[in-house]
Structures are given as C-alpha cells and as structure tokens.
Amino acid sequence: MGYTITEKILLKHTNSKEISPGDLIFVKVDFVLANDITAPLAIKEFKKIGVERVFDVERIALIPDHYTPNKDIKSAQQVKEMREFAREQGIKYLYDGGMVGIEHALLPDEGLVLPGDCIIGADSHTCTYGALGAFSTGVGSTDLAYAMAFGEIWLRVPESIKVIFKGKISKWISGKDLILYTIGKIGVDGARYKALEFTGEVIRHLSMSDRFTICNMAIEAGAKNGIIEPDEITLEYVKSRAKRRFEIFYSDKDANYKEIYEWDVSNLEPMVAFPHLPSNVYPISEVVKRNIYIDQVYIGSCTNGRLEDLRIAAMILKGKKINPNLRLIITPATPSIYMSALREGLIEIFLSSGAIITPPSCGPCLGGHLGVLAEGEKAISTTNRNFVGRMGHPKSEVYLSNPAVAAASAILGRIAAPWEVEVKE
Amino acid sequence: MIYEGRALCYGDNIDTDVIIPARYLNTTDPKELALHCMEDLDPLFKEKIKEKNILVVGENFGCGSSREHAPIALKASGIQCIIAKSFARIFYRNAINIGLPIIELPFAIEKIKEGDLIKVNFIEGLIENLDTGESFKIKPFPPLIQDIINKGGLLNFAKERIKGGKL
C-alpha cells in the first residue's frame, strides 16, 4: 500500500522505517512559530524545561500580530516578553513594529515555510501552509515550548480524506467558497484528527492565494492539516522566495484514504456561513432573499487578506460609496501587501469608498481590537470563524463570505451578491 | 487518578472562543483567565462549578483556536476532569500536555445527566454514574500519551528527557 503526501512527509521526518495512521511518533520540525497570544505562555514553559538555548535560531518565527499595535498595557507587556526572549536567544525571525504581518500570510511570502516541510505553529490556522505541499499543523503553547527546546514534537499519524473538486468554477467563486462548501458538506468535525487533502482540476487552476484560503480553513472541519500537492503554480510561487532547500512530495496512486469525496463544483455559487458555525452555509442566491442588514463589513485576516483578495474588493468598490449605515474595515495582511495595494491604487479606492484601513493585524477577526462588534450587531466578514462572540459582544453575529460578497454587501448595506453591483473591469 | 463529582453538562462543538474569549487573552495568569471562563456560553458557570465540577460535553469539545488558555482556564476554575463524546485535536493535546484529565466516552455520553454523581477511575479505566448505577468502560490511552499523563504533563516529560540525556 502506498503513502499519502501527508504520510510521506511525516515518514521523512521520523526515525521509523514505516508508519501508518494511528501511530504515535516523534517528528523533527523544520519550522516553528508563535504569536503574541501563544508565545508568552510558550516562553514561560520553555524556561521551566531547563534547556538554555532554542534548537535552532533560524527555524523559529515570533510574530506579534494579534494585539499589535498594542491595544493596552497587558498586551504590550506580552509583546515585550517576546521581544526580550527573541533577543536573548538570538532568534532570527522576530517580526516587530512595522515588520508585523499576519503570520500565515507573512511566512509563505517570506519563503520561510516550504514544500515538504514539517511545520508546527502555536496558532490553529498554521494548517494554511499545507497549500505549499507541506505538513503543517497548529498546537498549543506547551507543545511549542517543547518544539523550541528539542526541535521535535509528538504526533499521531492522521488518516487522510481526499476531496476532489471537478468541473470549472464560475466568476466570483474563490477558494473561500470551495472550503465553505466543503465544511458545509462534512461538518465542523468531519475531518477531526485527519488530514484533508484537496485535489482535482479545479485546484490545479487556482492561484496560491486561493489555495492558502482553502488550507487555512481545514481546521474549521476539525482537520489536523490541509494539504495540496505542489505543481508548477506552487513552484513558481516558491522559487523566488525560498530561503532554504526544499523537497517535493506527492501522494502515491495506491495511497489509502479513509474517505474520498468527489464534487462537481461547476454550478457552485458564492457561499455564506451563518452564525454560529462555519458549517452553517447557504448559497448567496438564497441569502439575498432574506435581506440581512449589516452593521460592519470586514475584509482581511489570514484567510482573505492577501493582495488578490484586496484586488477583488477594489474591483467592486471602485468609484462607489459604501452604505452609510455600516463600517467597512479592510486589513492588508502584510506590510508588503499593503505596499502593493498602495502602488496599485487599491488603498485610494478603499478610502474614497469610505472604508477604514487598519495596519496588518489579526485584531478584528478575533474580536480583539480595531473593530469590535457591539451587542446585537451583525457583520459579514472574510475571516474563518463565526462562533458566539468571536468578533465582539456575545450577542453579535458574524456571517462568513468571500471578499466579493463582502464588498458588494458594503455597498448595498445588506448581504448581497457581487452581480447585484455594477462592476467596471 | 480517581475523580468524583457532579456532572455539569453542555452540548456539541463548544469552541475555545467561548471557553475563554479572545478579549481576555492579554494575560497568561490562570486565576485571571478563570474569572472569565465560559462566560459567553453560560453566565452562571462560575456558580455552577461550586457544586458540579466534572464537565460532561458532546462532540468536538474545544474546537477552534489553539489557545492553551482554554484548558488552563477550565483547570483553574476548578474543573476536575472532562468527559466528552469527542475532543477537537488541539484541545485534546493541550489538556494532556498541561495535565488536565480528559476522557472520551463516544457511545454513552447521553447517559449522564446534569447533576449526576460521577466517578472517573483512570487506573481501572472506568466511568461510573453513581446516581443511576451504570458504569462504562473507557478505552485506555496509547502508551506514549499515558506516559505524558503519568508524568503530570509534557513539561515534566521534557524535564525527564533532559535528565535521561536524550537531548
């Protein structure tokens, strides 16, 4: 029996001669990361272990992206601890101040996470990097402390689920719709403890940006990792960025899958996830009939804050004003995306429409800062979670969508389809 | 490794955002986290755990964010042990790593009602409902996880690894 891409990468990183799903193994990690919520706890635990130095100063990134620019004294203290730890240990990749970008958009762009890697991050959306053909998964702070100390971690080899997208997707359909559709089909625990491998002709035509969005939300189906086999599009993305050597892996033809789903997505519409679960999805044509008025629109996050996402939003917002009854908040995910958006004139389009531009930050997505919802307010957001209280008051509501639906909704003041707005291309 | 207490029950897909909302994640202090534990889901949680401190929940408990603050907040609130139909994977790891006792009971979770007196015996691998007299056999943890649990969490496991010279 052959191996899946996930199994092959894990096998490469362990001392075992063979592995199979369910095995508990120790794997060597190529890269580890933490943010300003998870790192302070990991640093505290690291210091208790009794190791003096981290395993490798060039394979750790500390990214204070959640509560920065610091929203209060306590969060400033947390970032200070990270900064001091990074300096004391000589950790090479501390992204501080104006270098801060949303970790899962930043690290692939910096060429620090690569195909074939085994990556762990103290952030659940670490699964994003699976889009590069890497094994990448989220863990907690104690796990991260252990990995910083020893350069390895214990893992259970996951069973794999294969999702095949067939057909040809129509205009306005993006990676976000494919993953929302998937979560709607299999549920928020449909891939619990498992690897979720995405393939098929639709995937092969998707940009890296869309692929990152898909793997980013694998965790929302409970998956340990999302993964896409690398191809020319992956290599084109990686080759100018890679800071070290990497290896390409593919699934064997006779690899074993727990489930195989094959869906023709030619007629797929933009999807919207209703409160309070990402699996609670409806196609946009049904949603618009319900006239859902909104108080805030958010375009950003590790899911949909990339340049391609901002371009889509700008295409819809160009020359228009947002509805006066709502706030539109837009977050370019990294400083480099911000700069490109500025040069391409996207920022001017956003500001002219009445949008608020925030610095790169995870703040609004988790109800942290830079746009928190009040009691009873409704938001449509390009983020990944719509749990109770996720973006603010426990009695606020979050709807999840792609950037086109979010931008159209900002103009019309209610959840709207992109084709309801006149778009000049 | 024997815990006895009354059951406090919640449903499926309890996420870490409601266990400890992100607005309180500007600290790592367990006591401070405990003050806000589960408040968005159940404002009476703090009162209820005075009487009922064995958490009995449905599927996919602890889904969402990787914040270790979630099991830390539950432990600091006084929760002795969590019995779930299933756990989300990061929460599962985190609980084991910090030494919060958890156990999966996939086929009989509905046989425990709020307020029932529950005894969990990790050594014998048994959950007993002392009010109804029913008992359920638990699947033992794999040896590696058992080892981490027996040492009191991943940190102690790591310390022993250093003592053993296996760096």
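Biologist: At what angle do the axes of helix α12 (residues 307-317) and helix α15 (residues 403-412) of chain A cross?

Modeller: This is a predicted model, in which local features need pLDDT of at least 70 and side-chain atom pairs count only at pLDDT 80 or more, while totals for chains, interfaces and linings use all residues. Residues are numbered from 1 along each chain as its sequence is written, with chains lettered from A and ligands numbered from 1 in written order. Helices (DSSP H or I, at least four residues) and strands (E, at least two) are numbered from the N terminus. The axes (lines fitted to C-alpha atoms over the stretch in contact, with angles from 0 to 180 degrees between N-to-C directions) of α12(A) and α15(A) come within 8 Å and cross at roughly 30 degrees.

Biologist: How is α12(A) oriented relative to α15(A)?

Modeller: The crossing angle is roughly 30 degrees. Angles under 35 degrees count as roughly parallel, over 145 as roughly antiparallel, 65 to 115 as roughly perpendicular and the rest as oblique. The two helices α12(A) and α15(A) are therefore roughly parallel.

Biologist: How many charged residues are in the contact of α12(A) with α15(A)?

Modeller: The residues that meet (C-beta atoms, placed from the backbone, within 7 Å) include A:Ile312 and A:Leu317 in α12(A), and A:Pro403 and A:Ala407 in α15(A). Asp, Glu, Lys and Arg count as charged, Ala, Val, Leu, Ile, Met, Phe, Trp, Tyr, Cys and Pro as nonpolar, and the others, Gly among them, as polar. The contact has 9 nonpolar residues, no polar ones, and a charged count of 1.

Biologist: Which strands stand at the edges of the open sheet in chain A?

Modeller: The sheet has 4 strands in the order β10-β9-β8-β11, with parallel pairing (at least two DSSP bridges). Inside it, 3 bridges join β9 (residues 195-199) to β10(A), and A:Ala195 stands opposite A:Asn225 in β10(A). Each edge strand has a single partner, so one side of it is left without a neighbour in the sheet; these are β10 (225-227) and β11 (259-264).

Biologist: How many of the 8 residues of helix α1 (residues 5-12) of chain A are buried?

Modeller: A residue is buried if 20 or more other C-beta atoms lie within 10 Å of its own, exposed if 12 or fewer, and partly exposed in between. The cover of the buried residues includes β1 (24-28), β5 (118-122) and β9 of chain A. A:Ile5 and A:Leu10 are among the buried residues, whose number is 6.

Biologist: Which element gives the largest share of the side of chain A that touches chain B?

Modeller: The contact takes 44 residues from chain A and 36 residues from chain B. Elements giving two or more residues to the chain A side are α2 (39-49), α3 (73-89) and α5 (141-150). The largest share, 6 residues, comes from α2(A).

Terms used:
Contact = placed C-beta atoms within 7 Å.
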